[in-house]
Amino acid sequence: MKHTMVAWMEDKPGVLNRVASLFRRRNFNIESLVVGHTETPGISRMTFVVDGDEKEMRQVETQLMKLINVTRVQDVTERPTVTRELALIKVHADSASRSEILQLADIYRANVVDVALDCLVIQIAGAEDRVESFVEMLGHFGIKEMVRTGRIAMVRGNGVKPAFALKEEINGEDLL
Amino acid sequence: MSTRRTGAQILWESLVAEGVNVVFGLPGGATLPIYDALARDAYPVHHVLVTHEQGAAHMADGYGRASGRVGVCLATSGPGATNLITGLATAAMDSAPVVAITGQVATSLLGRDGFQEADVQGISLPVTKHNYLITDIADLAVALKEAFYIARTGRPGPVLVDICKDVQQASTDFEYPDSVNLPGYHPALQAADPAAVARTAALLNEAERPLIIAGQGVLIAGADAELRELAERASIPVASSLLGLGAFPATHPLAIGLGGMHGEAYTNYAIQECDLLLAIGARLDDRLTGAFSTFAPKARIVHLDLDPSEVGKTVTIDTPLVGDALLTLRALLPLVIPRDHPAWAAQIAEWKADTDSRDLLAQESDVLAPPFIMRQLWHATGQGDCLMVTDVGQHQMWEAQYFPHTKRRSLITSGGLGTMGFALPAAIGAQMSRPAEEVWVVAGDGGFQMTMGELSTVAAEHLPIKIAIINNGYLGMVRQWQDIFYEKRYSGTPLFNPDFAKIADAYGIPALTVSEKDDVVGAIERARAEKGPFLLNFKVEPFTNVYPMVAPGKSNAEMIRRPLGSEMLND
C-alpha cells in the first residue's frame, strides 16, 4: 500500500544524499519525493510516497529517525490531510484543438502559462487524482513534455509544532 | 594566553579533551600537518603505527569494545581512507564506538579527482553512524565534539571525520565546546513504555516454557546483574547470540549457550519449543533465527532493544520493548513473580543429555581437532579468565561452543559483518585498552594471513598477545559448505600457507608448531609462560565440520547434526 510520509531534517549539505542513500540500501520503494524549506529556519521538509506494508513503514520511519540530521518523521496516510501536486504539461495544440483544450483547462481549474502556434503549456495544481485525470485527458491530444513535482501534504487542523519529534515518538511508543 | 590554533592542533587538543590516549594510524600526504603537530607539540597521545589502515580500524574497534570508550583511528586521504572501510563496516554492524579521522585533499582541489582524493564521505555513508567533511576550520571543533558524542552514546557506532588539508593548516580561535546541539539525535536512556513492560511481566508470569536470548546489548547496557536476577527469579533458561556470550555466565545452571546456525541442538530445541521468548539486546539476525518465519514458532516474542529500528525488524514479534536494557529490566523485575518451571527444565536437561552424547570432545581420538584446543585454552587460562579475540570461520564457532564465557566482555569477534582478518588487529586494540589482561588471538590460517602484517605492530608495541592459529590448510567454513551443499567441490578453498612459526620468528616473536594432540597442553603453557607475545601454529585435522548446522532457509529445529559414533571425520 502507498503511504505518504513527511520528514523534517536539518538543512545541511548532503542531507538529501543521506536520505536517498538510506532509501536505496534499505530497498524502500519510493514513488515520489519533494523537499523544500519550512517555516523553521534551518529545517527542510520532505514529503515522499513509499509503497510497502506496515512492517516496512515502521522500518522507513525508524531508519530515517536514526539519521542524525532527521528531526521528525510522520506517516500521514491515515490522517486527514491536504495533499497537492503541481504539474506543467506541454500539450500539442493546433488551431483545431486549442479551444477544446482551453475548455478542459477551465473545467479542471488549470492555467495556461505558455502559448505557441502548435502547443500550450498548462499548469495544474491540485489533489493527485485531479492531476492524474487532467493528464489523462490531455493525453488524447498528445503530451509533448511534462514535469510533476510529486505530492506534498499537510495534516489538517491545529497541531503541535511539526519539525521536532514528540517524546513518545523519540522512544518509539507511537510506532508500536 | 592565545587561543589561536591550527586545525591540526585543534584535532589533537580535542582528542585529549575527549580522553583519548592512543590513536591507531598511518600517515600520508593529506595528514602531514596532523602528524607534524603531534611531534612538535608532544600531545599526551600515543600513536600506534599500523601496517595497513584496515588494521587501524579494527584496532580502534577492538579498543572500543574492550573498554567501552571510543577507539580512534587515523588515515590519510584516498586509499588510506578507503582502506578503513571494511573496519568501519565491521564496527557499524557490531555497534562498536569508533571515531575515524581521515585527511582529505585541500578544499581548492575537492571534487576534481586530485591525487589521493576519494569521496570518503560518500563512500563511508552507509557504514558509519554519521560522518563529517570539514571544509571550514570553524566547523572542526564542533564536528569532533559531536563525533565522539555520537560514537559513544545510544547505540554505539563508528563516526568518520574527513578533514581537508588546508583546514589542518589554517588557524582560528579555539575553544572546545562543552555541549552538543543535535536536534535530530536523542540518545538519552530510558526504560521502555510502562504498558509494554507490564505486558511483558504478565507474559512471563503465565509462561510455562520461557526463554531469554541475551545479546550484546546486555553488555553495552551493563545489565548483566539485572539479567541474572530476572533469570534466577523466574527460572528462565538463557541462550545467547554470538556477541552476547559472557553476558550471562556459561557455567550457570540456567545458561544454555549459543543458539542459531551453529548453536548446540538442545539450545535450538529450547528456542523452537519455548512459549515465551524475551530477546534482550539482540538483533535477532538470520544466524540466530534460521528462516525468519520459522523462528520460535510456539512463542510470543518480546523484543527489547535500545534501537527502535531493530525491534521487530526481522521476525514478527508480539511485544516491542524500546528502551535501555538496564532501566527496562529494573522496571520489569518487581513485576515478575518468582517461580520455577521443573517440567521445562527437565525437558531441556533431556535434550542436553542427547547433545552431550554427540560431543566431539567426548569421543576418544588422537586426532588434533580445534574443539580440543578451545577447551584446553579455557582450562589453561583459569577457566576463561582472559580475553579471547577470534577471527571468522569454523574456529570462531568452535570457540563459541567449547570455550564457556563466564566473564563479561571476554569475547571480541566480528559477528555481524564476519570480517576475516579482524582478530589480530582487534586484539592489539583490546590489549592496549586492557594492558594487564591476558589476550588470546584465535584465528584460522586464512583470516590470519589477511592482516598478519600487524605482527609488526605487536612486536613494535611489545604487546604480550598470545596467538593461536587454527591451521587446517583450508578456508574451513567455506570448505564445510562446499562439503555439505556442493558435493565436496572444494573450489578456491585449499590454501597455500607459509610456515607461520617462521613468519613469527621473522618479527622476533617466539613460536611453536603443534601437530600432535598430546603437545597441545604443553604448548599453551609455553606460550603463557612467555612474558611477551607468542604464536602457536596448531596444525589441525582439516575435514572436521562444525555441528550442528542450520542450513540457510531452514528452521533452527532442522539441524544437521554430528554423526553418532566415533567418526571425527565426516564423509
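Two residues count as in contact if their C-beta atoms, placed from the backbone, lie within 7 Å. You're looking at a predicted model, where local features need pLDDT of at least 70, side-chain atom pairs count only at pLDDT 80 or more, and totals for chains, interfaces and linings use all residues. For your selections, residues are numbered from 1 along each chain as its sequence is written, while chains are lettered from A and ligands numbered from 1 in the order in which they are written.

Keep chain A selected. Its C-alpha atoms fill a box of roughly 60 × 35 × 35 Å along the principal axes. Colour residues 2-80 plus 157-175 as domain 1 and 84-149 as domain 2; these bounds come from an automatic or database domain assignment. The C-alpha centres of the two domains of chain A sit 32 Å apart.

Now switch to cartoon. Chain A shows five helices and nine strands, where helices (H or I, at least four residues) and strands (E, at least two) are DSSP runs numbered from the N terminus. Walking from the N terminus, you'll pass β-α-β-β-α-β-β-α-β-β-α-β-β-α. Of the 176 residues in chain A, 31% are buried, meaning that 20 or more other C-beta atoms lie within 10 Å of a residue's own, with 12 or fewer making it exposed, anything in between partly exposed, and C-beta atoms placed from the backbone.

Next, bring up the interface. Here 23 residues of chain A are in contact with 19 residues of chain B. On the chain A side, β1 (2-10), α1 (15-25), α2 (54-66) and β4 (70-75) each give two or more residues, and α2(A) gives the most, with five. The predictor gives the complex an ipTM of 0.92 and a pTM of 0.96.

Move over to chain B, which averages a pLDDT (the predictor's confidence in each residue, from 0 to 100) of 96, with 99% of the residues scoring at least 70. Select helix α1, residues 7-17 of chain B: eight of its eleven residues are buried, so the helix is largely enclosed by the rest of the structure. B:Trp12 and B:Leu15 are among those buried residues. After α1(B) comes B:Gly19, with a positive phi near 80 degrees.

Then find the open six-stranded sheet of chain B, ordered β11-β10-β9-β12-β13-β14 with parallel pairing; two strands pair if DSSP finds at least two bridges between them. At the edges stand β11 (255-258) and β14 (319-322) of chain B, each with a single partner strand, so one side of each has no neighbour in the sheet. Zoom in on β12 (residues 276-280) and β13 (residues 300-305) of chain B, parallel strands joined by five bridges. One pairing to pick out is B:Ile280 with its bridge partner B:Leu304 in β13(B).

Last stop: B:Ala331, in helix α14 (residues 325-332) of chain B. Is B:Ala331 buried or exposed? It's buried, with 23 other C-beta atoms within 10 Å. Leaving out residues up to four places away in sequence, B:Ala331 touches B:Ala191 and B:Val197. Draw a distance from B:Ala331 to B:Val197: the C-alpha atoms are 7.3 Å apart, although 134 residues separate them along the chain.
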